[in-house]
Amino acid sequence: MTARAAYALLWLGLMGFWVLFAPAPAPDTLGQFIALATLQTEALDPLAIAVFHLLGVLPTAFLALLLFDTGRPSPRPLAIGGYFLGGIILLPYLAIRDSDAPLDPAPNRFVRALGSRTAGVVLLLITLGLLTFGLVAGNPGAFAAQAGESQFIALMTADLIVLTTALHLASATDRQRRGLHQPGGIRLHPAMVLLMHLPLLGPMLYLAVRPTSPTSTAPEQRP
């Protein structure tokens, strides 16, 4: 299966879950949103809170990958829209993006900063912190019950699953476009490559060790 087909199937799965299987909206969806955003563990399970905040981390990781694109359509409006609509808007872009176009050899300061190893380390640490918080403080039974009663919590959980899968695919494409493991390119340690397959943490680890610019992996040109 091609990556384009995988992104399309993930989008169809997300939309199908929303239409066919998601519970009805909770009476106090706005209150739930506020409770999630303000870490109100007395109102909602820490696992739900962790999922909510991870959905702010994932679009940032996608930006670090996609803003180097030079093809059409432009990734900027759709990637930024991922903060608000998640996979509903990100997955269609991933399915149609021109991943054969060259990466931007001279990105602006913002893109360089967002795509830097420092930013990758920050994303990795935030992801580790949120996962630890959710798994240590959360109650899977209580979280499942809340997801079964609230469309908002159910959809954001489904969104986290599909976006995590999509981020792994996008990271693999980025490694290929940067020439990693190719003759003349930077070769990552096999153990590091294995760790990059960890769910959610793998792509963040990749961003933390990725070459700092698209041209850093290019073979040296000799006169």
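This is a predicted model: local features need pLDDT of at least 70, side-chain atom pairs count only at pLDDT 80 or more; totals for chains, interfaces and linings use all residues.
Residues are numbered from 1 along each chain as its sequence is written. Local features need pLDDT of at least 70, side-chain atom pairs count only at pLDDT 80 or more, totals for chains, interfaces and linings use all residues, and side-chain values use heavy atoms, with hydrogens and water left out.

Q: Why are helix 7 and helix 11 called roughly antiparallel?
A: Happy to show you: the axes of helix 7 (residues 117-137) and helix 11 (residues 201-209) cross at roughly 155° and come within 6 Å. Axes are lines fitted to C-alpha atoms, for helices over the stretch in contact, and angles run from 0 to 180 degrees between N-to-C directions. Angles over 145 degrees count as roughly antiparallel, under 35 as roughly parallel, 65 to 115 as roughly perpendicular and the rest as oblique. Helix 7 and helix 11 are therefore roughly antiparallel.

Q: What makes up the contact of helix 7 with helix 11?
A: On the helix 7 side are Arg117, Gly120, Val121, Leu123, Leu124, Thr127, Leu128 and Leu131, and they meet Leu201, Met204, Leu205, Leu207, Ala208 and Val209 of helix 11; contact means heavy atoms within 4.5 Å. These residues divide into 11 nonpolar, two polar and one charged. Here Ala, Val, Leu, Ile, Met, Phe, Trp, Tyr, Cys and Pro count as nonpolar, Asp, Glu, Lys and Arg as charged, and the others, Gly among them, as polar.

Q: Why does Gly82 count as buried?
A: Buried means under 20% relative accessible area, with exposed over 50% and partly exposed in between (1.4 Å probe, protein chains only). Gly82 has 3% relative accessibility, so it counts as buried. Gly82 lies in helix 4 (residues 76-85) and touches Pro59, Ile89 and Leu90, not counting residues up to four places away in sequence.

Q: How do you know that the buried residues of helix 2 are on the same side?
A: In helix 2 (residues 29-37), the buried residues are Gln32, Ala35 and Leu36. They cover an arc of only 100° around the axis, so they sit on the same side of helix 2; the arc is that of the directions from the helix axis to the C-beta atoms. Their packing partners are helix 3 (46-66) and helix 9 (151-177).

Q: What is the phi of Leu200, and is Leu200 buried or exposed?
A: Leu200 has a positive phi of about 65° although it is not a glycine. With a relative accessible area of 7%, Leu200 is buried. Leu200 is found in the loop between helix 10 (190-195) and helix 11.

Terms used
Helices (H or I, at least four residues) and strands (E, at least two) are DSSP runs, numbered from the N terminus.
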